[in-house]
Amino acid sequence: MHVKLKKISSDASFREFYRIQKNLTSSILVRANKDKFKNLVVYAATNKLLIDNKIIAPRLIKEYFKNDMMEIEDLGNNSFLDHIKNKKNKLNDYKKLIKIIFKLQNIKLKSYIKLKKYKIKINNYSLAVLHKESDLFFDWYLKNNLKKKKFNKFKNAIKNELNNLYKKLYFQDQCFVHRDFHVSNIIIKDNKIGVIDSQDIIKGNLLYDIASLIDDVRITLPIHLKSKIFNYYLSKTKKIKTNEKNLAKDDLDILSVQRNLKILGVFVRLYKRDNKSNYLKFLPYTWRLLSFRLKNPLFNNLKILLNKAVPRSNRKKVKF
């Protein structure tokens, strides 16, 4: 048997991926020497959960967890981003992704999932978790933009305002949340949609995966298309009542702001800590996404604070 091993592009995690070519078939070897439990065991367990619920995900072929590796099914490298970026009419394709989100949200999520001898606890998207994520904005992005005295002042004020906003979230801890549902984590294989990178799952808000799909830093969508995708979700979901639709829009905005503040921090961290500079190019568009959501009057105080901490003239900065 002729076997070829080829390293393929890595993601924002500590994992490395290799394509194993065996004659006419292929699989993926995943290696993780840090955060092994999450990046291997939790990922394999979550993929099994998705497959059990009729959602395409990479199937575990063989585990070598003791050696920091596992072999999984190869879904190919045709991402939804590749599939969609040159299309003029994108709405129908996005409707298919909303249907995948419905499947995810209909998973009956217990307090834990199992894989062989492993038991994985499923946490709630609590206030503490929301803050832990948006703290990345302070610890990596803001800290590298402001002097210490100014940094501490703005950190305390912005964090306090975020706390007020997070407490206003209405649809809390209700369903399966993928937590990174964006165009590069959706794979098209044989005209079918598969989901990857699912190791960060949590039980949370109905609107989180919608926010990460609509306000995705990797693809620029016109505002009218964002609205159509969101309205399609609202028109088809059975989990949001007619009189709750305005509350859903506020939740979408709050979660998009929380997520994109986190992303600013994560992308600077990937550069500073992991020497992955290619993520810095997304920073200006992340600010544009934030500015769009900050138009909601809910954010009047936060908008003033962010404008003072990071003036608009500094938001195109991609060097740190």
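Predicted model: local features only at pLDDT ≥ 70, side-chain atom pairs only at ≥ 80, totals over all residues.
Two strands are taken to pair if DSSP finds at least two bridges between them. Strand β9, residues 186–189, is joined to strand β10, residues 192–195, by four bridges, and the two run antiparallel. Within this pairing, Lys189 has Lys192 in β10 as its bridge partner. Two residues lie between the strands of the hairpin, and Asp190 takes a positive phi near 55 degrees.

The protein chain has 10 helices and 11 strands. Its radius of gyration is 20 Å, close to the 20 Å that the globule rule gives for 320 residues, so the chain is as compact as a globular protein of that length. Along the principal axes, the C-alpha atoms fill a box of roughly 65 × 45 × 45 Å.

I continue with the open sheet. Five strands form it, in the order β1-β2-β3-β5-β4, with antiparallel pairing. Which strands lie at the edges? They are β1, residues 3–8, and β4, residues 60–64, each of which pairs on one side only. From one strand to the next, the twist averages 20 degrees.

The remainder of my talk concerns helix packing. Two packed helices are described by the angle between their axes and the distance between the axes.

Consider helix α5, residues 148–166, and its packing with helix α4, residues 127–141: the angle is about 150 degrees and the axes are 11 Å apart. Angles over 145 degrees count as roughly antiparallel, and α4 and α5 are therefore roughly antiparallel to each other. Their crossing is right-handed. On the α4 side, the contact includes Leu127, Leu130 and Phe138, while the α5 side includes Phe151, Ile158 and Tyr166. By class, the contact of α4 with α5 has seven nonpolar, three polar and four charged residues.

Helix α5 also packs with helix α10, residues 300–309, at an angle of about 155 degrees, with the axes 10 Å apart. These two helices are therefore roughly antiparallel to each other as well. What is the handedness of the crossing of α5 and α10? That crossing is left-handed. Phe154, Ala157, Ile158, Glu161, Leu162 and Leu165 of α5 make the contact with Asn301, Leu302, Leu305, Leu306, Lys308 and Ala309 of α10. This contact has nine nonpolar, one polar and two charged residues.

The last pair is helix α3, residues 91–105, and helix α7, residues 223–236, whose axes come within 10 Å and cross at roughly 40 degrees. That angle makes α3 oblique to α7. The crossing of α3 and α7 is right-handed. Among the residues that meet are Leu91, Tyr94, Ile98 and Phe102 in α3, and Leu225, Ile229, Tyr232 and Tyr233 in α7. The residues of this contact divide into eight nonpolar, one polar and four charged.

Notes. Residues numbered from 1 in each chain as written. Heavy atoms only, no water. Axes fitted to C-alpha atoms, helices over the stretch in contact; angles between N-to-C directions. Parallel < 35°, antiparallel > 145°, perpendicular 65-115°, else oblique. Left-handed = near helix turned anticlockwise from the far one by under 90°. Contact = heavy atoms within 4.5 Å. Nonpolar A, V, L, I, M, F, W, Y, C, P; charged D, E, K, R; others polar. Rg over C-alpha atoms; globule rule 2.2 N^0.38 Å.
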